[in-house]
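Welcome! Please take a moment to look over the sequence and the 3D picture below, and then follow the notes one topic at a time.

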Amino acid sequence: EQIARFLVREAVGHIDADEMLVQADERAQRALDEGVLEALGQELGVHLSLGAALARGTGVVLVTPDGHRRFDSTLESRLTRMHERLRTAVYRTLMGEAL
């Protein structure tokens, strides 16, 4: 439940909207019941509703009701974003350069 909450908090910070649908994998959906989403919504100043389950991925995806804005906080997407940030540091380390 703590990880699912963290992922939702992070995603809300990336979308400037008052209302969002939370799509989650099956395990995260069980942790994000209506009470949890209501508490998170009050904490973050937004209205959160549980949307459809994710067909692929592990984590959460937040989407505005009109579908125009979306933030993917699944494990797969997080690793892809992290890969881009770490690429230079890993290269330098492998080449023996000091960071």
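## Start with E76

E76 sits in helix α4. Helices (H or I, at least four residues) and strands (E, at least two) are DSSP runs, numbered from the N terminus. This is a predicted model, in which local features need pLDDT of at least 70 and side-chain atom pairs count only at pLDDT 80 or more, while totals for chains, interfaces and linings use all residues. Residues are numbered from 1 along each chain as its sequence is written, and side-chain values use heavy atoms, with hydrogens and water left out.

**E76 and its partners**

- E76 counts as partly exposed, at 39% relative accessibility; buried means under 20% relative accessible area, exposed over 50%, and partly exposed in between (1.4 Å probe, protein chains only).
- Which residues does E76 contact, leaving aside its neighbours within four places in sequence? They are G57 and T58, where contact means heavy atoms within 4.5 Å.
- E76 and T58 are 18 residues apart in sequence, and their C-alpha atoms are 7.3 Å apart in space.
- A polar atom of the E76 side chain lies 3.2 Å from the backbone nitrogen of T58.

- T74 lies in strand β4 and is buried, with a relative accessible area of 5%.
- The side chains of T74 and D72 are joined by a polar contact of 2.7 Å.
- Not counting residues up to four places away in sequence, T74 touches L54, G57, T58, G59, V60 and V61.
- Is T64 buried or exposed? T64 is buried, with a relative accessible area of 3%, and is found in the loop between β3 (59-63) and β4 (70-74).
- The T64 side chain makes a polar contact of 2.6 Å with the side chain of D66.
- Leaving aside neighbours within four places in sequence, T64 is in contact with I15, A17, E19 and R69.

**Salt bridges**

- How many salt bridges does a search of the whole structure find? The search finds three, a salt bridge being a side-chain nitrogen of Lys or Arg within 4 Å of a carboxyl oxygen of Asp or Glu.
- One of them joins the side chains of E1 and R5, at 2.9 Å from N to O. E1 counts as exposed at 52% relative accessibility, whereas R5 is partly exposed at 21%.
- Another is formed by E43 and R9, whose closest N and O atoms are 2.7 Å apart. E43 lies in helix α3 (residues 34-44) and R9 in helix α1 (residues 2-14), so this pair ties together parts that are 34 residues apart in sequence.
- In the salt bridge between E10 and R78, the distance is 2.3 Å from N to O. E10 belongs to helix α1 and R78 to helix α4 (residues 75-94), so the pair ties together parts that are 68 residues apart in sequence.
- E10 is partly exposed, with a relative accessible area of 24%, and R78 counts as partly exposed at 24%.

**Nonpolar residues, inside and outside**

- In soluble globular proteins, nonpolar side chains tend to be buried together.
- A nonpolar core is a set of buried Ala, Val, Leu, Ile, Met, Phe, Trp, Tyr and Cys residues joined through side-chain atoms within 4.5 Å.
- The largest nonpolar core has 21 residues, and V8, M20, V22, L32, L48, V60 and L62 touch the most other members.
- Two or more residues of this core come from each of α1, β1 (19-24), α2 (26-31), α3 and β3, and α1 gives the largest share, five residues.
- Beyond four places in sequence, the contacts of L62 include V8, V12, M20, V22, L48 and F71.
- On the surface, L75, L79, M82, L86, V90 and L94 form a nonpolar patch, with about 560 Å² of accessible area together. Patches are made of residues with over 30% relative accessible area and no salt bridge: like charges are joined within 9 Å, nonpolar side chains (Val, Leu, Ile, Met, Phe, Trp, Tyr) within 5 Å. Accessible areas come from the Shrake-Rupley method with a 1.4 Å probe; for residues, only the protein chains shown count as cover.
- L94 is in helix α4 and counts as exposed, at 66% relative accessibility.

Conventions
Polar contact = N/O pair within 3.5 Å; in protein donor to acceptor, adjacent residues only side chain to side chain.
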